[in-house]
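Here is a short briefing on helix packing and aromatic pairs. Please keep the sequence and the structure in view as you read.

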Amino acid sequence: MAWIVLVLSGLLETAWAIALDRSAGLTRAVPSVVFVITLVLSMAGLAYALREIPVGTGYAVWVGIGVTGTAAVGMLALGESASLPRLGCLLLVVAGVIGLKIYH
């Protein structure tokens, strides 16, 4: 159960990062509220998962999911560069997350 919560919390990290970007420095109400709610839920999920998963592994997986998800949304929906080097770097992040899960 801890791993499922950790993955969902990582996805919520992507949500709060995108909402923070869309909030224009917390000046737009709806994205700001989405940011706060998803941030709190993401942190609560991380805290829950860390009861069973070592902090180094849990935090790295949480950040890796958030980084990969945020970068993917940026590339697919926000017009950010999807160059081969960027995609390669994201693949390395994903490989690291998978490795941490396997060798947990």
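Tryptophan 16 and phenylalanine 35 are both buried in this model, which is predicted. Their rings form an edge-to-face pair, because the planes stand at 70° and over 60 degrees counts as edge-to-face. The structure holds 2 aromatic pairs.

**Aromatic pair between helices H1 and H2**

- The ring centres of tryptophan 16 and phenylalanine 35 are 5.9 Å apart.
- Tryptophan 16 belongs to helix H1, residues 2–22.
- Phenylalanine 35 belongs to helix H2, which spans residues 29–49.
- The pair therefore ties together parts that are 19 residues apart in sequence.

- Tyrosine 59 and tryptophan 62 make an aromatic pair of the tilted kind.
- Their centres are 5.6 Å apart, with 35° between the planes.
- Both residues lie in helix H3, which covers residues 55–77.
- They are 3 residues apart, about one turn of the helix.
- Tyrosine 59 has a relative accessible area of 45%, so it is partly exposed.
- Tryptophan 62 has 3% relative accessibility, so it counts as buried.

**Packing of H2 against H3**

- The axes of H2 and H3 come within 10 Å.
- They cross at roughly 150°, which means that H2 runs roughly antiparallel to H3; the cut-off for that class is over 145 degrees.
- The crossing of H2 past H3 is right-handed.
- On the H2 side, the contact involves Ser42, Met43 and Leu46.
- On the H3 side, Gly58, Tyr59 and Trp62 meet them.
- The residues of this contact divide into 4 nonpolar and 2 polar, with no charged ones.

**Threonine 68 in H3**

- Where does threonine 68 lie? Threonine 68 is part of helix H3.
- Is threonine 68 buried or exposed? Its relative accessibility is 18%, so threonine 68 counts as buried; the limit for buried is under 20%.
- Which residues does threonine 68 touch, not counting those up to four places away in sequence? They are Leu90, Val93 and Val94.

Key:
Residues numbered from 1 in each chain as written. Predicted model: local features only at pLDDT ≥ 70, side-chain atom pairs only at ≥ 80, totals over all residues. Heavy atoms only, no water. Axes fitted to C-alpha atoms, helices over the stretch in contact; angles between N-to-C directions. Helix = DSSP H or I, 4+ residues; strand = E, 2+ residues; numbered from the N terminus. Parallel < 35°, antiparallel > 145°, perpendicular 65-115°, else oblique. Left-handed = near helix turned anticlockwise from the far one by under 90°. Contact = heavy atoms within 4.5 Å. Nonpolar A, V, L, I, M, F, W, Y, C, P; charged D, E, K, R; others polar. Phe/Tyr/Trp six-rings, centres within 6.5 Å; stacked < 30°, edge-to-face > 60°. Buried < 20%, exposed > 50% of the residue type's maximum accessible area, 1.4 Å probe, protein only.
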